[in-house]
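Here are a few notes to read alongside the model. Take them in order, with the structure open next to you.

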Amino acid sequence: MAPNEEGLAQSGAAGALQELYDAYKPLVFSLAYRMLGSVMDAEDVVQETFLYINQQLQVGTDIRTPKAYLCKIATNKCIDKLRASSAKRETYVGPWLPEPLLTEVSTPDGALSHKESLGTAYLLLLQQLSWVERAVFVLREVLQYDYDEIADIVGKSPANTRQIFHRAKKAISGQAAGGEAGEGTGRQASPPSPTTAQVVEQFVQALVSGNVQRLLSMMKQDAVLYSDGGGKVQAAVRPILGAERIIAFITGVLAKVPEGYRFSLEMVNGQLGITGYIHEEPYHVTTFHLKGEQIEAVYLVANPDKLRHLASRGQS
């Protein structure tokens, strides 16, 4: 439950900070992860945002609308990080994919509500927007803020904010309709259905048994695989097109895994995916995008920098 203003004022700086942290940490992380596509950077934004809030509380700043204030600070810190990393993104080796976020089947803390907007395909569409468009779109479409609130957060007029949102939504819908991996916003009204999980499970079973024909039947002929090694490990530096080439690539990768490899099926970015480990170290995370009951896109993250936050899972 969000703290009320009177209670916040009476609880003192330390108590007020704890109240805000307990109430809004999931919200701040949810916003930052969708803005940045990075778990570790989103966690940094959470820390930096609440450190800033603590400073403001210590000097007696009157925070009348804490939820909007936190989102404003977090949004600005996200944009700062995006500016700082823009040069690195331009020279990134191979396809760039978001850091995988392991999610539970149920998330009572509310941090991962709107799971459909956590999907890799969805996050990639968000990356095509400008920073301000991305902030406006996430605040409106995912977090359900009204235009007046968003205008205050991003420093625009409500009318301008409305225009930015509609422009961003049109751009995302156009990219999805134009064949980009992912579905347009508003077309995923609910989390992935059990059919998605069944297709992924059947795909893994066919992969383990070496049933190539079954694998091919489960993929669209024009499917695409994106492999993100970041230049740190061996990976395809260009998207792999076509079901046969994708199957050959995946089976080739699995044939060369080091000793001690194991994998498990886990919820990744709101849908069933594959996490692989070498002993206790994360090795790759693979997610899928389906069209109907066939796999349309495969996303394989092997960049060790994007898997560091998963290390503790390998020890369980």
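1. Start with Cys78: leaving aside neighbours within four places in sequence, Cys78 is in contact with Ala32, Met35, Leu36 and Val45 (contact means heavy atoms within 4.5 Å). Cys78 sits in helix H4; helices (H or I, at least four residues) and strands (E, at least two) are DSSP runs, numbered from the N terminus. Cys78 counts as buried because its relative accessibility is 0%. Buried means under 20% relative accessible area, exposed over 50%, and partly exposed in between, with a 1.4 Å probe and protein chains only. Val46 is 32 residues from Cys78 in sequence, and 9.9 Å away in space, C-alpha to C-alpha.

2. Before going on, the ground rules. This is a predicted model, where local features need pLDDT of at least 70, side-chain atom pairs count only at pLDDT 80 or more, and totals for chains, interfaces and linings use all residues. Residues are numbered from 1 along each chain as its sequence is written, and side-chain values use heavy atoms, with hydrogens and water left out.

3. Now the overall picture. The protein has eleven helices and six strands, and 47% of its 316 residues are buried. Take the contacts between residues at least 6 apart in sequence: 62% of them join residues at least 24 apart.

4. Back to H4, residues 66-90, which packs against helix H6, residues 131-142, at an angle of about 145 degrees, with the axes 10 Å apart. Axes here are lines fitted to C-alpha atoms, for helices over the stretch in contact, and angles run from 0 to 180 degrees between N-to-C directions. Which residues of H4 meet H6? They are Cys71, Thr75, Ile79, Leu82, Arg83 and Ser86, and their partners in H6 are Trp131, Arg134, Ala135 and Leu139.

5. Leu97 lies in the loop between H4 and helix H5 (120-127). With a relative accessible area of 1%, Leu97 is buried. Leaving aside neighbours within four places in sequence, its contacts include Thr120, Leu124, Tyr226 and Asp228. Gly229 is 132 residues from Leu97 along the chain, yet their C-alpha atoms are separated by 9.3 Å.

6. Last, helix H11. Its buried residues are Ala243, Ile246, Ile247 and Ile250. Seen down the axis of H11, these fall within an arc of 95 degrees, so they line one face of the helix; the arc is that of the directions from the helix axis to the C-beta atoms. On the other side of H11, Glu244, Arg245 and Ala255 are exposed.
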